[in-house]
Amino acid sequence: MPYTHYTEIPADVAERAARVRVVVFDVDGTLTDGRLWYAEDGRETKVFHVHDGLGLKRLQENGIKVAIITARISHPVSLRAEELGIQHVYQGQKDKRACLTELLDALRLAPEQSAFVGDDLPDLAAMRICGLAVAVANAHPWVAEHAHVRTRLSGGYGAAREVADLILAAQGKAEAERDRWL
């Protein structure tokens with residue numbers, strides 16, 4: 001049975017996704033639903049979706065690097081990144097474009113080989129230089145209008161997995177991924 005989940009990827013999006021060698025994710029509103037949770041003692045908690053985690057691991061196991069660039073600093077982000085084996089984690093980044101540029105230089109990749117997944121205004125500058133700009137379903141309209149593609153799922157509810165599946169499909173790796181689980 002052929003892989004049909006992404007049979008209607010627009011040709012320009014498929015071409016862009018086929019070139020991706022690193023996928024960069026914002027956190028709040030992208031890997032989470034965007035809500036901030038604080039305990040009585042002031043500690044912050046975050047909720048991550050297990051489907052997203054498996055998608056990020058599948059990207060890495062298929063030779064695609066995964067990175068996080070976020071403006072906030074949060075211990076739960078560090079824990080989740082460590083759990084998923086994400087080596088490139090940049091917190092407290094007010095200029096995400098500059099951080100992305102430095103990451104690309106360090107990895108010796110061209111901007112066209114990167115994807116950036118975001119949801120709000122601080123993500124726009126980075127999205128504008130990458131090869132594949134992705135807005136999650138719940139992204140601010142100004143962000144969505146600058147994306148090459150918008151997910152069907154919202155941030156924190158499987159959008160990152162959707163991006164992973166799209167990239168693996170565009171690179172001809174989706175069927176092998178599915179078959180390895182059968």
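Contact is defined here as heavy atoms within 4.5 Å. In the predicted model, the buried residues of helix α4 are covered by elements that include β1 (22-25), β4 (65-69), β5 (88-90), β6 (114-118) and α5 (124-129). The residues concerned are Lys-96, Cys-99, Leu-100, Leu-103, Leu-104 and Leu-107. Because they span an arc of only 135° around the axis, they fall on the same side of α4. In an α-helix there are 3.6 residues a turn, so residues three or four places apart point the same way. The other side of α4 presents Glu-102, Asp-105 and Ala-106, which are exposed.

Helix α4 comprises 12 residues (96-107), and the distance from its first C-alpha to its last is 16 Å, close to the 16 Å expected at 1.5 Å a residue. Its N-terminal end is capped by Asp-95, of which a side-chain oxygen lies 3.3 Å from the backbone nitrogen of Arg-97. After α4 comes Arg-108, with a positive phi near 60°.

Helix α3 (residues 75-84) has Pro-76, Val-77, Arg-80, Ala-81 and Leu-84 as its buried residues. These are placed on the same side of α3 because the arc they cover around the axis is only 135°. Their packing partners are β3 (44-45), α2 (50-61), β4 and β5. His-75, Glu-82 and Glu-83 are exposed on the face of α3 turned away from its buried side. Gly-85 follows α3 and has a positive phi, near 75°.

With regard to aromatic rings, Arg-180 lies over the face of Trp-181, at 4.6 Å from the ring centre.

Definitions and conventions. Residues are numbered from 1 along each chain as its sequence is written. This is a predicted model: local features need pLDDT of at least 70, side-chain atom pairs count only at pLDDT 80 or more; totals for chains, interfaces and linings use all residues. Side-chain values use heavy atoms; hydrogens and water are left out. Helices (H or I, at least four residues) and strands (E, at least two) are DSSP runs, numbered from the N terminus. The expected span of a helix is 1.5 Å times one less than its number of residues. Buried means under 20% relative accessible area, exposed over 50%, partly exposed in between (1.4 Å probe, protein chains only). The arc is that of the directions from the helix axis to the C-beta atoms. A polar contact is a pair of N or O atoms within 3.5 Å; within protein, one must be able to donate a hydrogen and the other to accept it, and residues adjacent in sequence count only if both atoms are side-chain atoms. A charge sits over a ring if NZ of Lys or CZ of Arg is within 6 Å of the ring centre and within 35 degrees of the ring normal.
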